[in-house]
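Here is a short report for a reader new to this structure. Look over the sequence and the model first, then read on.

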Amino acid sequence: MSSSRDWAPAASPDALRARAAMLRAIRAFFADREVLEVETPLLAARSATEPHLVPFETLFRPAGGGAGLQQRLFLQTSPEFAMKRLLASGLGSIYQICKAFRNEERGRLHNPEFTLLEWYRVGFSLNELIRETESLLRGLLTPSRPTIRSFCCDYRSLFEQEVGTDPINADFPALARAAERLGYPEAAVLCAEARPVWLDFLFSQGVQPKLADWDLVFVTDFPACLPSLARNHPDNPAIVERVEVFIDGIELGNGFHELADPVEQARRFEEDMAARRALGLHEPEKDVRLLAALAAGLPDCSGIAIGLDRLLMGILGASHIEDVLAFPVERA
């Protein structure tokens, strides 16, 4: 028997009205810029390959079909691959507000079902996308924050300043010493000789807490070992064209000058698979439809995904994600 009040929304009526107002403002922002709203499936035959993402999966059993007709499907961790297929079809600049799902932790900043805003601007450089993102976020935050403090800095400079070592050239002993200075001598066992793991750990412990003094922070030019789906920088092979956005020190989203090379994308899929094998994780199939779309021709574009639940937390000054959700997972 459920408790007498667990049927009720976790968020207050004011928070739910603020969510509706935020969604209206986002749609108006993109309508003014003639960016097309699209919708792609939440269920797909393939999932993301990144080692740190765990998708929900299910079986589709057609009525009257035998076991041989069952199809394994995944709830999408992001609409990115499907949206890039739309971009390759010639649709132009697009955006989407949708649900995304990750079968991972639940806590102050995480719910396994969350709301995502993702958009792609054809012909935009990453710097142009950053300026547009800041314009959107300032417009949404200004009613509750008359003064908004923001800055943009490259990853390497921030890392050297706060961690005390070079994230690109430092060897593993130097990274271990940096962790010891931060009070984490056990990191050498946790991170071993995996540079991406080292950098993520040291950034989260040494850099990210310092970003909480600012309303908005844009961190650019990530090391090439943290590429996600970003293009390699044309003038510096040690970095990729990627931006990460923070609000009050909380990660809000990631953006890229989007990778358009199908050969490089296939290579990165293989790297992801190797990392998943090393961790003993399930190896999803490569998304061959995405690779075919890239081969057909992805227009030059930049794109970004923003977590709207976390953004609403920032708008309202909420301390827990449940404060902005009608029905978080434990009340679903």
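## Helix α4: where it starts and ends

This is a predicted model. At the start of α4, aspartate 154 reaches in with a side-chain oxygen, to within 3.3 Å of the backbone nitrogen of arginine 156. At the other end, just after α4, sits glycine 164. Its phi is positive, about 85°.

## The buried face of α4

Which residues of α4 are buried? They are Tyr155, Leu158, Phe159, Glu162 and Val163. These five cover an arc of only 100° around the axis, so they lie on the same side of α4. An α-helix has 3.6 residues a turn, so residues three or four places apart point the same way.

What does this buried set pack against? The partners are β7 (150–154), α5, α7 (195–207) and β8 (216–223).

## Salt bridges

Side chains of opposite charge can pair when their charged atoms come close. How many salt bridges does a search of the whole structure find? The count is 24.

Arginine 156 bridges to aspartate 166, with the closest N and O atoms 2.7 Å apart. The pair links distant parts of the chain, 10 residues apart: arginine 156 is in helix α4 (residues 155–163), and aspartate 166 is in the loop between α4 and α5 (172–181).

Glutamate 37 and arginine 27 form another salt bridge, with their closest N and O atoms 2.9 Å apart. Here too the pair links distant parts of the chain, 10 residues apart. Glutamate 37 lies in strand β1 (residues 36–37), and arginine 27 lies in helix α1 (residues 13–32). Both count as partly exposed: glutamate 37 at 35% relative accessibility, arginine 27 at 33%.

Arginine 277 meets glutamate 283 in a salt bridge of 2.9 Å, N to O. Arginine 277 is partly exposed at 46%, and glutamate 283 is partly exposed at 35%. Elsewhere, salt bridges join into a network that links Glu264, Arg267, Arg268 and Glu271.

## A three-stranded sheet

An open sheet has three strands in the order β2-β4-β3, and the pairing is antiparallel. Why are β2 (43–44) and β3 (57–60) edge strands? Each has a single partner strand, so one side of each is left without a neighbour in the sheet.

β3 pairs with strand β4 (residues 71–75) in the antiparallel sense, over four bridges. For glutamate 57, the bridge partner in β4 is phenylalanine 74.

Note on methods. Residues numbered from 1 in each chain as written. Predicted model: local features only at pLDDT ≥ 70, side-chain atom pairs only at ≥ 80, totals over all residues. Heavy atoms only, no water. Salt bridge = Lys/Arg side-chain N within 4 Å of Asp/Glu carboxyl O. Helix = DSSP H or I, 4+ residues; strand = E, 2+ residues; numbered from the N terminus. Buried < 20%, exposed > 50% of the residue type's maximum accessible area, 1.4 Å probe, protein only. Pairing = 2+ DSSP bridges. Arc of directions from axis to C-beta. Contact = heavy atoms within 4.5 Å. Polar contact = N/O pair within 3.5 Å; in protein donor to acceptor, adjacent residues only side chain to side chain.
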